[in-house]
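Please read the points below with the model open.

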Amino acid sequence: MKIIATNKKAYTDYIIDETYEAGIVLVGTEVKSLREHGASFKDSFCRVKDGEIFLLNLHIPPYRFGNIYNHDPERPRKLLLHRKQIDRIWGKIRQEGYTVIPTKIYFNNEGRVKVEIAVAKGKKSHDKREEVKKKEIEKRIKEYIKR
């Protein structure tokens, strides 16, 4: 598995409830661009529309040798999931506070592009502060044990 990009803000801004592995519908120049440049998750999210899940605002830079066949860098991309998974995700996001966010994009062992998406709930600012405090305490404990 070769990781192309990870969404680091997802783990700090959200409490992740469930994760799913999804295929993604891409055109040829997008795959070539992912192999070269990678992708950017800035402000990307997923939306359920007509029983299908779409990934919005994922920026894949244009392929430099693409010419007229290049893709739109931020076009909506369809995610490939089983019907039961989509229904479960839809049931979760109808609850207040839940959203679907991409956490990483990678090539699997067969060379196919996969996206890991997560059903998550946004953290409040005091939750973020508590998490920082816990990490500092754990770090101090490890340092103390080493001595």
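1. Terms first. A salt bridge here is a side-chain nitrogen of Lys or Arg within 4 Å of a carboxyl oxygen of Asp or Glu. Side chains of opposite charge can pair when their charged atoms come close. This is a predicted model, in which local features need pLDDT of at least 70, side-chain atom pairs count only at pLDDT 80 or more, and totals for chains, interfaces and linings use all residues. Residues are numbered from 1 along each chain as its sequence is written, and side-chain values use heavy atoms, with hydrogens and water left out.

2. Start with R75 and E30. Their side chains form a salt bridge, 2.8 Å from N to O. R75 sits in the loop between β4 (52-56) and β5 (77-80) and E30 in helix α2 (residues 28-36), so the pair ties together parts 45 residues apart in sequence. Helices (H or I, at least four residues) and strands (E, at least two) are DSSP runs, numbered from the N terminus.

3. Are these two partners buried or exposed? Buried means under 20% relative accessible area, exposed over 50%, and partly exposed in between (1.4 Å probe, protein chains only). R75 counts as partly exposed at 21%. E30 counts as buried at 0%.

4. E30 has another partner. It forms a salt bridge with R77, and the closest N and O atoms are 2.9 Å apart. E30 belongs to helix α2 and R77 to strand β5, so this pair ties together parts 47 residues apart in sequence. R77 is buried, with a relative accessible area of 0%.

5. Next, E52 and K78. Their side chains meet in a salt bridge at 3.0 Å, N to O. E52 lies in strand β4 and K78 in strand β5, so the pair ties together parts 26 residues apart in sequence. Which residues make up the network of salt bridges that share partners? E30, R75 and R77 are joined into one network.

6. Now the overall build. The protein chain has 4 helices and 7 strands. From the N terminus on, its elements run β-α-β-α-β-β-β-α-β-β-α. Its C-alpha atoms fill a box of roughly 60 × 40 × 25 Å, taken along the principal axes.

7. How much of the chain is buried? Of its 147 residues, 36% count as buried. The chain exposes about 10000 Å², and carbon and sulfur atoms supply 50% of that area. Accessible areas come from the Shrake-Rupley method with a 1.4 Å probe; for residues, only the protein chains shown count as cover.

8. Contacts deserve a look. A contact means heavy atoms within 4.5 Å. Among contacts with a separation of 6 or more, residues 24 or more positions apart account for 67%.

9. I16 is partly exposed, with a relative accessible area of 27%. Not counting residues up to four places away in sequence, I16 touches A10, Y11, T103, A118, V119 and A120.

10. On to the largest pocket. On a 1 Å grid over the protein atoms alone, a pocket is an open set of points where a 1.4 Å probe fits, with protein on both sides within 12 Å along at least five of seven lines; lining residues have an atom within 4 Å of a point. The largest pocket has a volume of about 260 Å³. Grid points are joined across faces, edges and corners, and a volume is the space filled by probe spheres set on the points.

11. What lines the largest pocket? The lining includes N7, K9, A10, D13, Y14, F41 and I101. Helix α1 (residues 8-13) gives the most to this lining, with 3 residues. The lining divides into 5 nonpolar, 3 polar and 4 charged residues. Ala, Val, Leu, Ile, Met, Phe, Trp, Tyr, Cys and Pro count as nonpolar, Asp, Glu, Lys and Arg as charged, and the others, Gly among them, as polar.

12. Last, check the backbone at D50. Its phi is near 55°, a positive value in a residue other than glycine. D50 is placed in the loop between β3 (45-49) and β4. D50 is exposed, with a relative accessible area of 74%.
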